[in-house]
Amino acid sequence: MGMGGEVLAIASHVLLHRYVGNNITTFVLQLLGLETAGLNSVQFSNHSGYGQLKGFRTTAQQIVDLFEGMKMSGLLEGFDMMLTGYVPGERELEAVGEIAKEVKETKRSCFWLLDPVMGDQGKLYVSEGVVPVYKSLVPHADLIVPNQFEAKMLSGIKVDSIETLSRAIDSLHTTYKIPHVVITSVTFTNGAQKMKCAGSSMTSTGAARKFIIDVPIIDGFFSGTGDLFAALTLARLREFSDVAGLLEEKSWMPPDEVETLDLPLTKAIEVVLGSMHMVLEKTREARDRILEKEKGGKDEAKKHVAYTRASELRLVQCQKEILTPGMGYKAVVLV
């Protein structure tokens, strides 16, 4: 694809089985032509879906030291983009926020995609002190990609209908002056067959330009989907913003006259969801084949590990689907 550009990615890292955090981010962004430097917020043996893990969190001081090392070597000026994901502690997140601010001050056109990883399904999986830190950082970012639960934590609006989904996007723009918003993985009922993804790029006067896309739900639990979505979104938004000649504009903001369905963000998410669908379909097919072969007398703990391992995203096997998904979704205007 050869898109060009350099990304500083700050997120989690695991050794085995297989793709979450920076394991996904670096692979996907490099595959899509973006040089990527990964600063790991944690170093774990495996992700938490297995029910147990070993490893350690990177401390706030270690995060600062690693960043200072890059500065000493004159590497700071190279970053055109930042992507930040899972950071479990408030002091560590504060350190990441200071790094992001400094990078953006050094290179005014640098674009920051902030994934406010806090929790899901009504449950926090970071410390409670992380929430107000995220609220303080969102105004400095260019794009946020919260899930349904995280959108509520940031906006104060429970997203349980199309109306409240639309209101939450308006609130995020108004409260934080964040230029671009995408809310992911939205469902309104248990057992829903489709989920919704909604986004917006605001105008120079702060008005939302909102779109929404319906996406079929693929059966199963797959770790790392949020990380995959964020990485794909950054790469594709840069691609479509480049075509529109916006990369030197602050926050890659399109002119006010650009209609909602012609926004670079809208076009990007349509392609992103196509790749996501195809990766998850291939992963589900591989999972089902493996589990069919492994039927038999395992205890519940071993069954859980086997299921989790079989459900790991098949990114290496899905390079074509990431590069050229061959399908996409069509957005409609959200009012």
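Trainee: What radius of gyration does the chain have, against what a compact globule with 335 residues would have?

Mentor: First, a word on ground rules: this is a predicted model, where local features need pLDDT of at least 70, side-chain atom pairs count only at pLDDT 80 or more, and totals for chains, interfaces and linings use all residues. Residues are numbered from 1 along each chain as its sequence is written, and side-chain values use heavy atoms, with hydrogens and water left out. For 335 residues, a compact globule would come out near 20 Å (taken over C-alpha atoms, the rule being 2.2 Å times the number of residues to the power 0.38). The chain agrees with that, at 19 Å.

Trainee: What percentage of the residues in the chain is buried?

Mentor: Buried means under 20% relative accessible area, exposed means over 50%, and partly exposed is in between, with a 1.4 Å probe and protein chains only. By that cut-off, the buried share of the 335 residues is 53%.

Trainee: How many helices and strands does the chain have?

Mentor: Both are DSSP runs numbered from the N terminus: helices are H or I with at least four residues, strands are E with at least two. Counted that way, the chain has 10 helices and 12 strands.

Trainee: Which residues have the most contacts inside the largest nonpolar core?

Mentor: As background, nonpolar side chains tend to be buried together in soluble globular proteins. A nonpolar core here is a set of buried Ala, Val, Leu, Ile, Met, Phe, Trp, Tyr and Cys residues joined through side-chain atoms within 4.5 Å. The largest one has 52 residues, and those with the most contacts inside it are Val-103, Ile-144 and Ile-183.

Trainee: What does Val-103 touch, leaving aside neighbours within four places in sequence?

Mentor: Contact means heavy atoms within 4.5 Å. With the sequence neighbours set aside, the partners of Val-103 are Leu-8, Phe-67, Leu-76, Phe-79, Met-82 and Cys-110.

Trainee: How many disulfides does a search of the whole structure find?

Mentor: A disulfide is a pair of cysteine sulfur atoms within 2.5 Å. Take Cys-197, which is buried at 3% relative accessibility: the nearest cysteine sulfur, on Cys-318, is 19 Å away. Cys-110 is buried too, at 2%. For the whole structure, the search finds zero.

Trainee: Where is Gln-121, with its positive phi near 50°?

Mentor: Most residues other than glycine have a negative phi. Gln-121 is exposed, with a relative accessible area of 73%. Its place is the loop between β6 (119–120) and β7 (123–124).

Trainee: What separates Arg-284 and Glu-281 in helix α8?

Mentor: They form a salt bridge, with the closest N and O atoms 2.8 Å apart (a side-chain nitrogen of Lys or Arg within 4 Å of a carboxyl oxygen of Asp or Glu). Arg-284 is partly exposed at 23%, and Glu-281 is partly exposed at 23%. Because they are three residues apart in the helix, the separation is about one helical turn.

Trainee: Is Arg-287, which meets Asp-288 in a salt bridge, buried or exposed?

Mentor: The N to O distance in that pair is 2.9 Å. Asp-288 is partly exposed at 34%. Arg-287, at 3%, is buried.
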